[in-house]
Amino acid sequence: MRNRPLEFDVSLPGGIPDRYDQHTVRRLSSMRGYFADTDSFSSMLAAEDMVLYEVYELVRASAPGELLHGLSVVHPGKVGAEYFMTKGHFHSVLETAEVYYCLQGRGMMVMETPEGDWSVAELRPGRVLHVPPRWAHRSVNVESGQDLVTFFVYPAHAGHDYATIQVAGLRKLVIERDGRPLVVDNPRWCSSGPPQGGDGI
Ligand code: F6R
Ligand code: ZN
């Protein structure tokens, strides 16, 4: 595994780094069950399996002391009234934090803890967000016509628990109302108990 200093440039607009090891592309079809408006989801998917977001990652050893980092690009759009967003996850090792730095666009980070706290933070160019340990996080692009680009960095041993959010959802949704983003309760949110841990999905 690489253990030399690493530099790369990020071209803007767009947010594509000039070097990366892994490129994940999340399409609409991989987001079944994540959006509240299931009818809109089905009709959009029937028309086109569009790309909702992409992640460029630099791979490092999953060793204590290492940091994983990369770029997240959430494309603009909505399913019904709900903006395009990432799946969202807890870290499998709950006591691990993450820092996001917004490079482009306008978004919101929707966060919550297993204990019932929730928070929504604004993402805009130049703004840094520290997601503390224990907080699930999902980025939402609230600007029509522009990608939301963030740089992220987190401990290499954190791992990802997607299953808890996939089953239970997050307590809050971000929808467009009267042309503006609005944070509302998720009518389908259900308490799933403690995060399930584990990687994958
Ligand atoms: C890593 C992290 C980000 C996200 C990325 C995509 O811990 O938070 O790199 O992985 O923004 O979101 P998810 O992983 O929720 O599909
Ligand atoms: Zn994370």
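Reader: Which residues are the closest to ligand 1, and how many surround it?
Author: In this predicted model, ligand 1 is surrounded by 15 residues, and the closest of them are Tyr53, Glu98, Tyr100, His160 and Tyr162.

Reader: How does that shell divide into nonpolar, polar and charged residues?
Author: Six residues of the shell around ligand 1 are nonpolar, seven are polar and two are charged.

Reader: What is the distance from an oxygen atom of ligand 1 to the side chain of His89?
Author: An N or O atom in the side chain of His89 lies 3.0 Å from an oxygen atom of the ligand. For Ser72 the corresponding side-chain distance is 3.2 Å, and for His137 the value is 3.2 Å.

Reader: And how much of the ligand's accessible area does the protein cover?
Author: On its own, ligand 1 has 390 Å² of accessible area, and the protein covers 96% of that. The elements that contribute two or more residues to the shell are β4 (51–58), β9 (98–104) and β14 (148–155).

Reader: Switching to the open sheet, what is the order of its strands?
Author: The order is β11-β10-β13, three strands with antiparallel pairing. Because β11 (118–123) and β13 (136–141) stand at the edges with a single partner strand each, one side of each has no neighbour in the sheet. On average, neighbouring strands here are turned by 20° against each other, ignoring direction.

Reader: Over how many bridges do β10 and β13 pair?
Author: Strand β10, residues 107–112, pairs with β13 over six bridges in the antiparallel sense, and Val110 has Arg138 of β13 as its bridge partner.

Technical notes. Residues numbered from 1 in each chain as written. Chains lettered and ligands numbered in written order. Predicted model: local features only at pLDDT ≥ 70, side-chain atom pairs only at ≥ 80, totals over all residues. Heavy atoms only, no water. Near = heavy atom within 4 Å. Polar contact = N/O pair within 3.5 Å; in protein donor to acceptor, adjacent residues only side chain to side chain. Areas by Shrake-Rupley, 256 points an atom, 1.4 Å probe, with all protein chains shown as cover. Helix = DSSP H or I, 4+ residues; strand = E, 2+ residues; numbered from the N terminus. Nonpolar A, V, L, I, M, F, W, Y, C, P; charged D, E, K, R; others polar. Pairing = 2+ DSSP bridges. Axes fitted to C-alpha atoms, helices over the stretch in contact; angles between N-to-C directions.
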